[in-house]
Amino acid sequence: MISLTERESTSRFIVASNSEPYQHVRSDGEINQEKRAGGLTTGLDPIMKDSENLWIAWGRGSADFEVTDDENKVTVPNEEIGYTLKRLELSRKEINGFYYGFSNSTLWPICHSFPHKANLEKDYWEIYKNVNRRFANSVLEEYKPGDKVWVQDYQLALVPRMIREEEPDAEIALFWHIPWPPWETFGIIPWKQEIVEGILGSDFIGFHTSWLVHNFLDTVYKLGGAANRGENIARMGSEKAVVKAIPLGIDTDFFSRTEEQEKKAKQLKEDFCCSKLVLGVDRLDYTKGIDRRLEAIRTFFDEYPQYRGEVSFIERISPSRSKVQEYKDMREKIEQLISQINGELRGETWVPIRYFYQHLPQKELIPYYIAADIGLLTPLIDGMNLVAKEYVATREKGMLILSEFAGAAETLTESIQVNPYNPEAVADALHQAINTPEEVQKEKFSKMRVKLNQMDIHWWRDRFLDEWELSTHGRAS
Ligand code: G6P
C-alpha cells in the first residue's frame, strides 16, 4: 500500500458528499464547530488536511453560512491543519425533493429492499437531478487536471457521469455506503438506467460486501451492459468501471476506554440493572428492525421467565429524517410497543426496557458500550452497521448478537448471527449469550478485535485509494 505521506505529495482531492464533515451550530449565542458523527470524516481527514484539498457538501448546520466567505467556503477543522469545505445552500424545495424526497423516500427504501415503501414521484426525481447537477457544477468550478474526485453515497449517484461528460480524463470514484438490492427491486425505479449510467461515470466503485458488488454487476448486466464477475468490471456504452468490496472500518483507537468512561459505565449499570444489561443503538429507521427486536424481547421474557428482574435492555435511538412519514409512524409504533412491554412486565424496581430518543455524540456512547454485557443489533438489512464494530472495539469480552443481514456480519463471524425476522431465534440467541462462559467470550472478542484493528478506517481509505489507482491505470484498455 502507498503510505499517506507519499500520497499527500501526489494528488489533490475533491470529495463530494451530501453530509458535511463539520457543521457550525449556534448554541447559547456562540457558534461552535461540530464534527459530524460517523467514520467518514475520521477516515478522510488525514488525507484532506492540506490547504489545497476541498470537500463539497450540503450545509445544514444552523450557523453554517455565518462562517463562510463569499464563495461559501470555510477552512475546517482549523487554519493550521485545515482543508476547504465548500457548502451548498439548498432551498426548502430542493431539500424536500432531493433529500427527503428522492434520496430518502425513493432510493433508500429501494436499496434496502422495501419497494412497497418507495415513492416514485417524478417531481422528486427532477429535483434530485437538478441538485446532483449543482454538486457536479460545484466540483467542475474547482476542478484542475490531475485532481482526484471522490463522490460519496446514494444521494449523489448522477454526479460521476455529469463530471465525466465535461472532463473525460478526470479520475472519479464513488463509494456506495448503503446496500445495492437485487435486480427485481432496483428495476422498479423508472429512471434506473440513468442512475446506473450516472454511477458508471466513475473509474472505481466501492461497496461494503461482495454480495452487494454481485447485485450491482447483475443490475448492469440486466440493463444491457456487460459485467465481468471474475475481474469485477462493469461496462456500459463507453463507460468502464472496476467494482470492488471494501468494508468500511472504524477508528479503533477512538474506542479505547478512559477511566472516566469506565466510571460512568459502572454508574449506568447500577442505575439500570440487575445482572445483565443488553444494548441496542440505532438511528431511528425502519431498516433497523427495532419493532421486531422489541417483539423478540417480549418473546425472550415469555420463553425464559427466569430472566425477568435479571436482564434489562437499553434502546438508544437517535432521531433521523423526522419529516418523512415512514419515520414518524415508526417512532409511534416503537414507543407504543415499549410502553406495552414495560407496562406488562415491570417489577417494583426493575424496568425491562430503558428507552432514549436522543442523539448522543460518539464519545458519550462509549460508557454504554462498556456497561452492556451483550450488544443486540438486529437490522432487517444494513449496508454495514458500524455500531456492531464499535461495541466490539470497546470491550475485551461480552457477546454480540448480530443480524445476518448486516454487512458487518461478513467480518464479525464470531458474533451470534440471527435472522432478525425470527423472534424465537433472537430470544434463543439471548439465552445462549447470557450463558456463554467468560473464556469463550474473550476468545471471540479477541479474534474480532484483531480483524477490526487490521481493517480499520485507515485501512479502508488506503485500500480504496490503492484499488482506485490500479483501476485508472487500466482505463484505456
Ligand atoms: C446512512 C447513509 C449516509 C447518511 C446517514 C445518516 O449511513 O449511508 O449517507 O448520512 O445514513 O442519514 P442522514 O439522512 O441523517 O444524513
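## The second largest pocket

Phe114, Lys117, Tyr286, Asp291, Arg292, Glu295, Glu326, Asp329, Met330, Lys333, Leu380 and Tyr421 line the second largest pocket. A pocket here is an open set of points on a 1 Å grid over the protein atoms alone, with protein on both sides within 12 Å along at least five of seven lines, and lining residues have an atom within 4 Å of a point.

By class, that lining splits into five nonpolar, no polar and seven charged residues; Asp, Glu, Lys and Arg count as charged, Ala, Val, Leu, Ile, Met, Phe, Trp, Tyr, Cys and Pro as nonpolar, and the others, Gly among them, as polar.

## About the model

This is a predicted model, with local features needing pLDDT of at least 70 and side-chain atom pairs pLDDT 80 or more, while totals for chains, interfaces and linings use all residues. Residues are numbered from 1 along each chain as its sequence is written, and side-chain values use heavy atoms, leaving out hydrogens and water.

## The sheet

Six strands make an open sheet in the order E15-E14-E13-E16-E17-E18, paired in parallel (pairing takes at least two DSSP bridges). Sitting at the edges are E15 (353-357) and E18 (416-418), each pairing on one side only.

Further in, E16 (residues 374-377) and E17 (residues 399-403) share four bridges, and Ile374 has Met399 as its bridge partner in E17.

Notes. 1 Å grid on protein atoms, 1.4 Å probe; cavity = no way out; pocket = protein on both sides within 12 Å on 5 of 7 lines; lining within 4 Å. Helix = DSSP H or I, 4+ residues; strand = E, 2+ residues; numbered from the N terminus.
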